[in-house]
Amino acid sequence: MKSGAALILDLGTSSLKGALFDGGGRRLAFVRLPYEGEIRPDFENRSLLTQIKTAARAVTALRSCCPSAAIRSVVTVGNGPSWIAFDGSGAVCGAPLMWMAAAKTETQPTSSRYLQLLDAFRRLRPEVFRQAQAFLPLSDALAWFLTGERAAALSCEAARFLYWEEDECRRLGLPFEKLPPFVFSGERLGVVTREAAAATGIDAGAVVYAGAPDYVAGLIGSGSLRAGAVFNRTGTSEAVNFVLTADEGGGAPFWDGFNVDSVFLPPTGIWFEEWFSRFAPPGMAPAQAADALAQKCRRDFSEEAFAAGQRLFNEIESVFCTAVRTLRERRRFDEAVIGGSQAESTAWAAKKGGSCGLKLRIPRYAACELTGGAVLAAAAGKRSAVVSLSDDYSKTDC
């Protein structure tokens, strides 16, 4: 008899990460795959079809590691605001618009990054915007494909204004009626259809639970659902996040009873990817390269590559220290959990934290977003269980 497993997919900016977890929070298999064929340097041309194909490749790879595991539940998490448009027949209309576009476009002031990006969509692609009969965040589109249920994951009621509300849509002249209804993160969305199972390799009938933005999943998966927790989320983008109770005030709501005070860094992940693609020797993994740079191992690189790598490390270290200093001006802390790509290198995390007198602890699994998704799957719709499961699933090793 096959054992049950939760499939978690993190739809990142430049790659898809996937994992299988058992019911006790043990990660059975892990894979990271690039999006093939469509990604431009600005990441704006990632399509739903690309997600589906990459997810299918991930499922094949994960099953090869755990052939005895049956997929009983699925959670997808994703990065930043993004919009994909659909025409009246339900077909995808044009390419999705990614979060980077809002920063490069003059838009109306609003507290919602989703509506800011939808305003950018209207300005940048007016014909597609007029043709569209429905919009869906790209991070929720794979769950829609799997279940046929069109909805957007909302992390908590208090955060609704950060997503979209009817009054704000009307003020901005944006079509609220074309936006999807909300389902709270962790609640049952539907089940994988036979058609979706045939396309992806996921077991038909597997329960799909609503996911969350990657930073919310990362906070959950890093065990940060407690006042005073600090989480350094790394990836394509990076931030330092201080968690406080909603009663304390300040910050932005992200989960029931919890707010987060965040300081955002420049796109440090893109900096590293640019250096790695240019200088890393064949066969070297990113974590190996980060370890070598942190330990100043010259023998692994050419003189030019080593010098460029040290400049990169110093620059990332500098912006990180600035972010920590900024946050310490209003919060007190001397340790944090680091998650994401930089957490895969113990040497990098230790040196980076030491540069500003901060102990950076590495969780059991560096990919905290996947662990957060596993917590949502294990909670099975019981949001009150998420806090305790978050702590159980994320115990730190060092």
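Ala, Val, Leu, Ile, Met, Phe, Trp, Tyr, Cys and Pro count here as nonpolar, Asp, Glu, Lys and Arg as charged, and the others, Gly among them, as polar. The model is predicted: local features need pLDDT of at least 70 and side-chain atom pairs pLDDT 80 or more, while totals for chains, interfaces and linings use all residues. Residues are numbered from 1 along each chain as its sequence is written, and side-chain values use heavy atoms, without hydrogens and water.

**Cavities**

- A search of the whole structure finds two cavities of 30 Å³ or more; a cavity is a set of points on a 1 Å grid over the protein atoms alone where a 1.4 Å probe fits but cannot get out, and lining residues have an atom within 4 Å of a point.
- The second largest cavity holds about 40 Å³ of space, a volume being the space filled by probe spheres set on the grid points, which are joined across faces, edges and corners.
- Its lining comprises Asp-140, Ala-143, Ala-151, Ala-152, Ala-153, Leu-189, Ala-210 and Gly-211: six nonpolar, one polar and one charged residues.
- The largest cavity contains about 90 Å³ of space.
- Tyr-114, Ser-139, Asp-140, Ala-212 and Pro-213 are the closest to its centre among 13 lining residues.
- By class, the lining of the largest cavity has six nonpolar, six polar and one charged residues.

**Contributing elements**

- H5 and strand S8 (152-154) each supply at least two residues to the lining of the second largest cavity; helices (H or I, at least four residues) and strands (E, at least two) are DSSP runs, numbered from the N terminus.
- Strand S4 (69-78) and H5 each give two or more residues to the lining of the largest cavity, where S4 has the largest share, three residues.

Methods: 1 Å grid on protein atoms, 1.4 Å probe; cavity = no way out; pocket = protein on both sides within 12 Å on 5 of 7 lines; lining within 4 Å.
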